[in-house]
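Please open the structure in your viewer and keep the sequence beside it. We will stop at a few places in turn, and at each stop you will be told what to select and what to look for.

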Amino acid sequence: KKTMKAPKLVVTLVVILCFVSFTYSLGTLFGLSQLISRVVKINPETADITPIGRFSYPKEINTQGISSIDVTHKIYYSIAYNTTAGAPYLIGLSLKNGVLIHSIRLPFSEGPFVGVGQYCAVIPSTGEVIVFGAVQTQTFHILKINPTTRASTLIASVSVAIDVLGGAAAYDPVHDLFLFQVGTRVGINNVGYSISHRRQVFNVSDSPHFLETMNFDSSSNTIIGVGFNNTERAVVSISP
């Protein structure tokens with residue numbers, strides 16, 4: 001195991017044949033199928049895919065796997081580009097029947113690649129959703145959205161040099177931290193912001209682990225992700 005400072009990265013090497021960037025909840029994987037435009041559940045042992053409900057959303061485009069689950073209310077959230085409105089939306093789909101529960105237009109600009117540089121993460125204790133996206137060139141906002149009232153709160157304005165294609169993000173409810181990736185002139189950085197204090201807590205290079213996913217692990221109170229270490233895949237934990 002290897003340890004790094006602020007945050008601490010603990011690395012365990014494993015061999016990964018493939019990985020799917022869906023959101024994990026209660027022992028089942030959930031995601032949005034591009035083929036049938038529906039929310040689906042995936043059996044992690046057999047990889048069988050089962051559509052939830054009969055509701056499809058052909059107007060939504062989601063290319064980055066930007067998603068998070070409200071486990072308490074069983075809602076699958078995703079940031080998707082609405083082709084009719086010509087803008088990104090935060091959508092919430094029921095994991096019980098696939099019905100669209102929330103559809104909130106976000107004040108983000110969209111680049112040539114849909115979803116690049118955007119993130120979302122649910123705050124489990126309140127059901128609010130943290131969203132991240134560009135409002136103008138190299139200026140990004142962290143917002144806290146109340147899906148019920150549709151009210152948004154500005155947490156921070158962040159200067160970002162380069163969007164991250166396929167970037168990862170997660171919320172740590174123990175430390176009240178929103179973690180996400182940004183691009184720099186020399187690589188990718190992992191950034192952590194305190195939601196309650198509205199300030200940056202850390203900003204460290206993603207090298208040499210190159211995280212591609214982030215999820216909060218309640219058993220260890222850390223962020224777990226799949227990365228790349230030299231010639232092998234690595235499971236990396238981030239402990240602020």
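Begin by selecting arginine 150, which sits in the loop between strand 13 and strand 14 (152-159); strands here are DSSP runs of E with at least two residues, numbered from the N terminus. The phi angle of arginine 150 is near 70 degrees, a positive value in a residue other than glycine. Is arginine 150 buried or partly exposed? Its relative accessibility is 47%, so arginine 150 counts as partly exposed, a class that lies between buried (under 20% relative accessible area) and exposed (over 50%), using a 1.4 Å probe and protein chains only.

Before moving on, note that this is a predicted model, in which local features need pLDDT of at least 70 and side-chain atom pairs count only at pLDDT 80 or more, while totals for chains, interfaces and linings use all residues. Residues are numbered from 1 along each chain as its sequence is written, and side-chain values use heavy atoms, with hydrogens and water left out.

Next, select glutamine 138 in the loop between strand 12 (129-136) and strand 13 (139-145). Phi of glutamine 138 is positive, near 65 degrees, and this residue is not glycine; with a relative accessible area of 35%, glutamine 138 is partly exposed.

Then go to proline 208, found in the loop between strand 18 (199-205) and strand 19 (215-217), and look at the peptide bond that leads from serine 207 to proline 208, which is cis with omega near 5 degrees.

Finally, select the whole chain, which has 21 strands and zero helices (H or I runs of at least four residues). Of its 240 residues, 45% count as buried.
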